[in-house]
Amino acid sequence: MSDWLDFWSRTQRVYVNDRHREAHFRKVATDVLAVLDDPSIRVLDYGAGEALHADRIAAAAGHVILCELADGVRRRLAARFADHPGISVVGDVSGLEPGSVGLMVVNSVLQYLSDAELDRLLADAARLLPAGGRLLVGDVVPVRTSLAGDVAALLRYGARHGFLLAAVVSLCATAMSPYTKVRRRLGLSRHDEAGLVARLAAAGFTAHRHLPNLSHNPNRMSFMAIRDPATRKTQEAAAA
């Protein structure tokens with residue numbers, strides 16, 4: 001993941017324009033708010049990116065922790081929310097107490113992880129979430145995905161949010177973009193629904209497909225996973 005981290009640490013133009021960037025993070029925040037049912041809950045956004053609307057989530061939760069491994073992005077997050085008492089920014093989750101997070105959000109991250117990195121992420125989630133805690137995984141790239149479908153999804157989103165022309169221009173320039181070059185070299189990790197549900201089960205979660213997807217693309221998948229009480233008790237007994 002080091003190459004992807006280096007890419008994301010630099011200032012990137014992965015969004016068509018500022019309107020696209022704003023619409024993306026607004027939708028993610030809205031979808032997260034839709035599953036919040038406890039005003040005291042601690043929310044961990046793992047791989048938070050710019051998290052432009054983290055303050056909206058913080059207003060409906062007890063506390064929001066933004067975890068961002070990319071140095072440049074993390075510095076911008078820390079500066080943006082430096083004066084917000086309900087938001088903290090961290091570079092990893094090793095310092096968080098076991099069972100201290102009620103909801104963990106991992107959106108548009110799995111495609112950049114190797115199998116070993118995904119296993120470590122799920123182990124962290126299992127440690128941080130109490131029995132009944134929830135893991136919301138979003139924007140998972142399916143094994144069978146269509147470039148034409150992705151392009152159509154972006155154009156529809158652009159038309160709906162007022163950046164259609166910019167989206168068309170951006171698509172024409174995509175082939176030469178830094179993101180495309182890195183993606184061509186490293187590739188993206190892909191998952192099928194049954195395989196990811198089984199993988200989550202092996203990590204101690206009961207999972208199901210969650211709708212809508214946290215990003216604009218309906219061709220990608222989201223999952224809600226609940227921390228299994230029995231597995232949690234087994235792990236705590238083993239650690240005692």
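Start by selecting Glu50 and Arg21: the two form a salt bridge, with their closest N and O atoms 3.8 Å apart. The pair ties together distant parts of the chain, with Glu50 in the loop between strand E1 (42-46) and helix H3 (54-59), and Arg21 in helix H2 (residues 18-33), 29 residues apart. A salt bridge here is a side-chain nitrogen of Lys or Arg within 4 Å of a carboxyl oxygen of Asp or Glu. Helices (H or I, at least four residues) and strands (E, at least two) are DSSP runs, numbered from the N terminus.

Before going on, note that this is a predicted model, where local features need pLDDT of at least 70 and side-chain atom pairs count only at pLDDT 80 or more, while totals for chains, interfaces and linings use all residues. Residues are numbered from 1 along each chain as its sequence is written, and side-chain values use heavy atoms, leaving out hydrogens and water.

**Stay on Glu50**

Is Glu50 buried or exposed? Glu50 is buried, at a relative accessible area of 12%; buried means under 20%, exposed over 50%, and partly exposed in between (1.4 Å probe, protein chains only). Arg21 is partly exposed at 23%.

Arg76 counts as partly exposed, with 28% relative accessibility.

Ala51 is not a glycine, yet has a positive phi of about 45°, and at 6% relative accessibility Ala51 is buried. Most residues other than glycine have a negative phi, and most peptide bonds are trans.

**Over to H5**

Select helix H5 (residues 115-128): its 14 residues reach 20 Å from first C-alpha to last, close to the 20 Å expected at 1.5 Å a residue. That expected span is 1.5 Å times one less than the number of residues. Which H5 residues are buried? Glu117, Leu118, Leu121, Leu122, Ala125, Ala126 and Leu128 are.

Asp119 joins Arg199 in a salt bridge (3.0 Å, N to O). This one connects H5 with helix H9 (residues 193-202) across 80 residues. Both partners are partly exposed: Arg199 at 21% and Asp119 at 43%. The whole count comes to eleven salt bridges.

**Into the core**

The largest nonpolar core has 31 residues, and those with the most contacts inside it are Leu44, Met104, Leu135 and Phe205. H5 gives the most to this core, with six residues. A nonpolar core is a set of buried Ala, Val, Leu, Ile, Met, Phe, Trp, Tyr and Cys residues joined through side-chain atoms within 4.5 Å.

Centre your view on Phe205. Not counting residues up to four places away in sequence, Phe205 touches a set including Leu122, Ala125, Leu135 and Leu200, where contact means heavy atoms within 4.5 Å. The charged end of Arg227 sits over the Phe205 ring, 5.5 Å from its centre. For that label, NZ of Lys or CZ of Arg must be within 6 Å of the ring centre and within 35 degrees of the ring normal.

**Last stops**

Leu211 and Pro212 are joined by a cis peptide bond, with omega about 0°; Pro212 is in the loop between E6 and E7. Finish at Ser108, in the loop between E4 and H5. Ser108 has a positive phi near 55° and is partly exposed at 22% relative accessibility.
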